[in-house]
Amino acid sequence: MTEALLEVENLSHVFSPGRRGEVHAVRDVSLTIAPGETFGLVGASGSGKSTLGRCVVGLHTPTSGTVRYRGTTVSDPRGRRAYRRERQMIFQDPYASLDPRMKVSDIVGEGIDVNRLARTRQGRRDRIDEVLSAVGLDPAHGNRYAHEFSGGQRQRVGIARALAVDPELIVCDEPISALDVSIQAQVVNLLADLRRTRGLTYLFIAHDLSMVRHISDRIGVVHQGRLVELGPSETIWSRPVHPYTRSLLSAVPRPDPEVERHRRRLSYVAPPAEEQRYRVDLEPGHHVLVTDAERDRLGDAPPA
Ligand SMILES: Nc1ncnc2c1ncn2[C@@H]1O[C@H](COP(=O)(O)OP(=O)(O)OP(=O)(O)O)[C@@H](O)[C@H]1O
């Protein structure tokens, strides 16, 4: 087996007490991502996907558990700075994540400066021009401000900012959900092209399983901070086993009229968050995390 680029082991993240008390955003999540792989992370709003992604790139320090990158622990204060450049993030909202008062060339150039990736001003400019072209923007537009761009173009700027430091792993945190439906596919296709041409590895976060299915090699399904099912993309799509994954899929319209006719909308009643879960290995690379009662019912769940 190829050595993992990223290993997340028993990672939990609790936000300290606020008005709503402690929030257990991520609970005991383990996963690995191989070089060049796209790993889709799917789940409802508030299930902990962004928090996990932020722990992976070092924007949060996990409460417990480990993130290893190329075998080095990067989640504790000692290893925090290691492989920082190699792990980048693209954010959900290209309106909020780009400073409207900065020129695009400065937004993209910031990481180049911080990481001292260009020795001369011309070298810096060339690097900025190259990544702007790579994301389909006119390098001449580097002189414009982020607020002058449309949502899709802003997200391209966000992608260029990530690419400028020559990363290996990019956490794409719902990169299209704030965009017009008409341009979502363009951004997904751009990310797929960049993965191929630059040998990138993605942790791709989304709430829509039907979208990540096409670009992911494997998919992890998150519910209430837990990774409840993990498997190859096509297996999760066509033969989901966890009742939560089934309920997610039963909400997705299928193009086949025959399937549609027999489709039933399944609901998932979540057991108490603290209840003990068990890992059940179904076949190599495919497992679910279930409570005792769910484990007993795994065999007789209706098709999604
Ligand atoms: N900085 C924070 N302080 C306190 N609680 C937080 C913070 N960030 C997230 N949370 C809480 O942690 C939980 C998980 O949030 P998170 O953003 O990781 O979920 P998500 O699956 O990415 O959702 P979304 O798709 O809406 O972004 C939620 O209950 C959220 O309210």
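These legends accompany close-up views of a predicted model.

**View 1. Helix 4 packs against helix 5.** Here you can see helix 4 (residues 151-163) beside helix 5 (residues 181-198), with their axes 10 Å apart and at an angle of about 15 degrees. Since angles under 35 degrees count as roughly parallel, helix 4 is roughly parallel to helix 5. The crossing of helix 4 past helix 5 is right-handed. From helix 4, Gly152, Gln155 and Ile159 make the contact, and from helix 5 the partners are Ile183, Gln186, Val187 and Leu190. Sorted by class, this contact between helix 4 and helix 5 holds four nonpolar residues, three polar ones and no charged residues.

**View 2. Helix 4 and its surroundings.** Helix 4 is built from 13 residues, and the distance from its first C-alpha to its last is 18 Å, close to the 18 Å expected at 1.5 Å a residue. How many of the residues of helix 4 are buried? The count is 10 of the 13, so helix 4 is largely enclosed by the rest of the structure. Among the buried residues are three arginines to look for, Arg154, Arg156 and Arg161, along with Val157, Gly158, Ala160, Ala162 and Leu163. Gln155 and Ile159, which also take part in the contact with helix 5, are on the buried list too. The buried residues of helix 4 pack against strand 6 (87-90), helix 2 (104-114), helix 3 (121-134), strand 7 (169-173) and helix 5.

**View 3. Helix 2 meets helix 3.** The angle between helix 2 and helix 3 is about 115 degrees, and their axes lie 10 Å apart. Helix 2 passes helix 3 in a right-handed crossing. Look for Ser105, Val108, Gly109 and Ile112 on helix 2, which make the contact with Arg124, Arg127, Ile128, Val131 and Leu132 of helix 3. By class, five nonpolar, two polar and two charged residues form this contact of helix 2 with helix 3.

**View 4. Arg70 in its loop.** Arg70 is not a glycine, yet its phi is positive, at about 45 degrees. You will find Arg70 in the loop between strand 4 (64-69) and strand 5 (72-73). Arg70 has 16 C-beta neighbours inside 10 Å, so it counts as partly exposed.

View 5. Although Asp166 is not a glycine, it has a positive phi of about 55 degrees. Is Asp166 buried or partly exposed? With 16 C-beta neighbours inside 10 Å, Asp166 counts as partly exposed.

Definitions and conventions: Residues are numbered from 1 along each chain as its sequence is written. This is a predicted model: local features need pLDDT of at least 70, side-chain atom pairs count only at pLDDT 80 or more; totals for chains, interfaces and linings use all residues. Axes are lines fitted to C-alpha atoms, for helices over the stretch in contact, and angles run from 0 to 180 degrees between N-to-C directions. Helices (H or I, at least four residues) and strands (E, at least two) are DSSP runs, numbered from the N terminus. Angles under 35 degrees count as roughly parallel, over 145 as roughly antiparallel, 65 to 115 as roughly perpendicular and the rest as oblique. A crossing is left-handed if the near helix is turned anticlockwise from the far one by less than a right angle, and right-handed if clockwise. Two residues are in contact if their C-beta atoms, placed from the backbone, lie within 7 Å. Ala, Val, Leu, Ile, Met, Phe, Trp, Tyr, Cys and Pro count as nonpolar, Asp, Glu, Lys and Arg as charged, and the others, Gly among them, as polar. The expected span of a helix is 1.5 Å times one less than its number of residues. A residue is buried if 20 or more other C-beta atoms lie within 10 Å of its own, exposed if 12 or fewer, and partly exposed in between; C-beta atoms are placed from the backbone.
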